[in-house]
Amino acid sequence: MQSTVAAGEARKGHPPGLYLLFATEMWERMSYYGMRGLLVLFLTDKVRGGFGWSTADALSLYGTYTGLVYLTPIVGGYIADRYIGQRKAVLLGGVLMIIGHLLLALPGAGIFYTGLGFLIVGNGFFKPNISTMVGGLYPAGDGRRDGAFTIFYMGINLGAVLGNFICGTLGERVGWHWGFGSAGVGMTLGVIIFLALQNRMLGQVGLAPAPRPAASVTASAEGQKSGFSREEWDRIIVIFIIALFVVAFWTGFEQAGGLMNLYTDQKVDRSMFGWVVPTTWFQNFNSVFIVALAPVFAMLWSGLAARGKDLSIPVKMSLGLIFLSVGFAFMLGASKESAADGKAAAWWVIMAYLFHTMGELCLSPVGLSMVSKVAPMRVVSAMMGVWFLANAAANKLSGVLGGYSEKMGEFSVFLTIVVGAGLAGVILLFLAPSLKRMMHGTDEVTPVPASPQQGGAAQAAT
């Protein structure tokens with residue numbers, strides 16, 4: 001990971017490369033979330049040319065697909081670190097995903113599965129490396145980094161809004177394959193923007209593989225050779241431990257595209273102002289809340305850091321799990337109402353998404369920032385891939401857990417998540433002091449005071 005930000009520039013707001021990565025990620029996420037919102041609806045559709053699968057089978061494939069999407073970044077991060085650099089990996093991944101989305105727009109189950117394969121491999125190159133480049137824009141100890149990842153996260157969710165509006169509406173109202181094809185158009189725009197502006201706005205960031213110093217081997221206490229020092233091993237272990245708790249978070253959160261998506265379609269009163277709102281649009285509540293609340297959380301983290309009262313990374317992430325648990329408590333209310341009256345009021349789902357969003361802002365951008373700071377530099381992209389391994393396991397577990405709703409009912413599944421996420425949050429809060437010590441100060445920030453040149457979102461996050 002390379003940084004071209006000079007010390008004198010560190011106090012002048014965010015570097016322009018952040019906004020290029022923001023725009024590139026926005027269009028990639030438009031394609032991903034647009035396709036994701038349609039997937040289980042298409043698989044279970046029996047009327048408009050879908051596959052007509054059962055809920056359990058559809059959620060199983062959904063879990064497998066989204067799980068593999070977060071598994072391949074381990075390989076993609078490693079290849080970028082060792083051989084091709086992050087920029088080439090992002091471009092390669094983008095092209096593969098364009099092909100995948102366009103294949104989904106063609107008829108035939110075999111072509112459909114092939115398209116999913118291209119998306120899985122392409123995402124493995126794209127996802128860890130664009131996130132790593134965000135961290136590479138900032139020098140070590142720069143207090144703006146958490147805020148930068150929160151701004152970057154706004155790009156992710158602006159893309160999700162576009163995807164659910166454009167791809168979701170076309171898929172539900174015009175034809176499934178129109179929705180899948182439009183996702184490919186979004187990915188194409190992202191690749192074009194990145195190609196056109198990368199040299200001007202990113203400098204040297206992401207051009208070369210990660211440096212591998214000749215003195216990278218250190219002697220252990222027993223005189224044996226080891227690739228990492230004891231301190232580096234502690235930092236790697238922290239990433240793995242926190243990743244285990246992240247599994248609990250994403251297992252619940254990813255019900256949004258699976259069980260919550262089907263539940264909203266079948267058991268929520270979607271009539272508003274004399275019009276039935278498309279099912280995929282409900283997933284936009286999470287994205288809209290992200291865009292609205294991300295500057296607030298960026299200001300909160302940066303304000304606490306400037307006062308020397310910043311919450312530790314494990315504490316922030318434990319709050320994320322607790323917020324998720326509260327969100328699913330609203331889904332318990334929804335499932336009780338739909339069981340009694342046939343349909344649940346839409347506000348139950350909207351409130352669930354609000355608390356899920358608050359949890360996401362405490363956990364996901366903070367986690368991305370943590371990996372870029374805590375991981376040893378020569379394996380930072382690979383560690384970003386390991387971070388996404390937690391998402392991979394969680395997505396598969398999410399599909400499996402959601403599939404039990406056919407036997408257990410939605411209430412039991414939602415209750416399982418309420419208890420599991422809440423308990424995981426409390427345990428992580430208890431472990432937080434020990435985990436912070438094992439980071440050996442790499443998570444510490446250097447407060448950056450606001451300057452007259454800073455404005456808008458950049459000022460909010462510095």
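**View 1. Phe249 and Phe253 are both buried.** Buried means under 20% relative accessible area, with exposed over 50% and partly exposed in between (1.4 Å probe, protein chains only). This is a predicted model, in which local features need pLDDT of at least 70 and side-chain atom pairs count only at pLDDT 80 or more, while totals for chains, interfaces and linings use all residues. Residues are numbered from 1 along each chain as its sequence is written, and side-chain values use heavy atoms, leaving out hydrogens and water.

View 2. Ring centres lie 6.0 Å apart and the planes stand at 70°, so Phe42 and Trp176 are edge-to-face. Rings of Phe, Tyr and Trp (its six-membered ring) pair if their centres lie within 6.5 Å; planes under 30 degrees apart are stacked, over 60 edge-to-face, the rest tilted. Phe42 belongs to helix H1 (residues 17-44) and Trp176 to helix H6 (residues 176-202), so the pair ties together parts 134 residues apart in sequence. Helices (H or I, at least four residues) are DSSP runs, as are strands (E, at least two), numbered from the N terminus. Phe42 is buried at 1% relative accessibility. Trp176 is buried at 6%.

**View 3. The rings of Phe249 and Phe253 are stacked, because their planes lie at 20° with centres 5.6 Å apart.** Four residues separate them in helix H7 (residues 230-253), about one helical turn.

**View 4. Arg48 lies over the face of Trp176.** The distance to the ring centre is 4.5 Å. A charge sits over a ring if NZ of Lys or CZ of Arg is within 6 Å of the ring centre and within 35 degrees of the ring normal.
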